There are 2 protein chains.
Amino acid sequence: MSYNRRMASLRAAVDVVIFAVRERRLSVLLVKRGVPPFRGRWAIPGGFLREDEGLEAAARRELNEETGLTASFLEQLATFGAPGRDPRGRVLSVCYFALLPAGNTAVPAPGGDAAQAAWFDVRKLPDLAFDHGDIFEYALQRLRWKLEWTTVGFGLVPKRFTLTELQQAFEAVLGRAADKRNFRRKVLGLGVLAATREQKREGLARPARLYEFSAQRFEKLRERGVLFPF
Amino acid sequence: MSYNRRMASLRAAVDVVIFAVRERRLSVLLVKRGVPPFRGRWAIPGGFLREDEGLEAAARRELNEETGLTASFLEQLATFGAPGRDPRGRVLSVCYFALLPAGNTAVPAPGGDAAQAAWFDVRKLPDLAFDHGDIFEYALQRLRWKLEWTTVGFGLVPKRFTLTELQQAFEAVLGRAADKRNFRRKVLGLGVLAATREQKREGLARPARLYEFSAQRFEKLRERGVLFPF
DNA sequence: TCAAAAGTGTTTCGGGTACACCCATGT
DNA sequence: ACATGGGTGTACCCGAAACACTTTTGA
């Protein structure tokens, strides 16, 4: 048996599952493939890793090419590498997941090999190319998990936001309604929000106070070993 | 700018951080490199991915080559791919972490490029080759996290085990003592343990009852949406 | 009878959840 | 005055944590 048999040819793709809350619905950005294989099928945006490019840098580049925007959260998800997953040959897909703040989610012009880009409600996804259905499921599971146990949730919302907006983002991801009073108590009780003096009109009624996520306070608490469960 | 510039040469390694509890200490299996680069330095066991080999299959193969054993738990950790991390060229390392049950942890004969293999207490690690120090830190963090929030802990213990053995495994990983009564209440309260009729002598005193992890009960509860926090 | 480890209940505390009304604003 | 969304407090429940003694076994 040939030990350490060298692989004939290996490529690495970096794919990014991009989530955002749009009109109170958790949405994911997909691109329609303009070239084979799977031409005409929807896929998770991504592309091949370049020489001398770090993995996270590649993910940020793809994200920027697809959306023109910068993510408020970006994290590696997992690597998918089943031998038959890409008909062109052996391709490892290093997957990331990204959050965009609500509001910055105009339908972007497609870049690269994509014929079209569009946002889809996560509950109404088309069949995806390659093994991207699996990747998406994994990403969604991870997002929900992290939303409940970490502070990623603040990445779904603009820099300044009302508590109602934040709550709606949580509800959109988790798919269930939360109690307004309990939600506010919990989120304010974390001690990582700073109230601003500004307000925002939501509809034609009483204006709501705008809050900011305070990275300083967050770090201070984390250094003391405070956990952040939602 | 050349779009989708093809990489000159890319290889993928699969590395496995192998944990076990030995003599009440959380330990990691390391190999001493017998060839450059980093010859003579300790490293996380691993090797190059083969053609037509799945990622998890490669991890299991490496594990078996290094230890001759089968893991009770194996999960992908993350992929490390900074451009300069391997002086031989661009190498992505798809990392896994594995648990071995206590008892099956004889010091293994080294395989492959390794000159030597040995278990190290996680609190007394030598400097590691490549970026393996980072990989190890990440693995340890993940293990601790999963131990508290999932049922991975049962992978640290033989098929049949006493509650004291299980508690010692938890204490070894988390680095703090737990209350015996609370621990037993919690773990039995999960409803996933089955008492056997057998007993085990621990020292020269009263024998302890042996328990088994019941996969059936676990699945039954998980289907009902029961979470498993430790 | 002693040494060694197994085994067992109760109380207290804090966080989570359920629940309904008044307030500020513009029309 | 009314429509719209913003904002607030209390009671109950359950799981987590603290805490010490009795039992079984073999030497």
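**Chain contact and DNA surface in a predicted model**

Between chain A and chain B, 0 salt bridges are counted (a salt bridge being a side-chain nitrogen of Lys or Arg within 4 Å of a carboxyl oxygen of Asp or Glu). The structure is a predicted model, in which local features need pLDDT of at least 70, side-chain atom pairs count only at pLDDT 80 or more, and totals for chains, interfaces and linings use all residues. Residues are numbered from 1 along each chain as its sequence is written, chains are lettered from A and ligands numbered from 1 in the order in which they are written, and side-chain values use heavy atoms, with hydrogens and water left out.

Polar contacts do link the two chains: 7 residue pairs are counted, both residues at pLDDT 80 or more. A polar contact is a pair of N or O atoms within 3.5 Å; within protein, one must be able to donate a hydrogen and the other to accept it, and residues adjacent in sequence count only if both atoms are side-chain atoms. On the side of chain A that touches chain B, at least two residues each come from strand E1 (11-22), helix H1 (55-67), strand E5 (73-80), strand E6 (91-99) and helix H2 (132-149). Helices (H or I, at least four residues) and strands (E, at least two) are DSSP runs, numbered from the N terminus. E5(A) gives the most to this side, with 4 residues. By class, this side of chain A has 16 nonpolar, 8 polar and 10 charged residues. Here Ala, Val, Leu, Ile, Met, Phe, Trp, Tyr, Cys and Pro count as nonpolar, Asp, Glu, Lys and Arg as charged, and the others, Gly among them, as polar.

The contact (heavy atoms within 4.5 Å) takes 34 residues from chain A and 33 residues from chain B.

DNA strand D is surrounded by 19 residues, each with a heavy atom within 4 Å of the strand. The closest are A:Lys180, A:Ala205, B:Asn182, B:Arg201 and B:Arg206. By class, the surface near DNA strand D has 12 charged, 5 nonpolar and 2 polar residues. H4(A) supplies the largest share, 4 residues.

Arginine side chains reach the bases. A polar side-chain atom of B:Arg206 lies 2.9 Å from a base oxygen of DNA strand D. For A:Arg185, a polar side-chain atom is 3.3 Å from a base oxygen. In B:Arg185, a side-chain N or O atom lies 3.2 Å from a base nitrogen.
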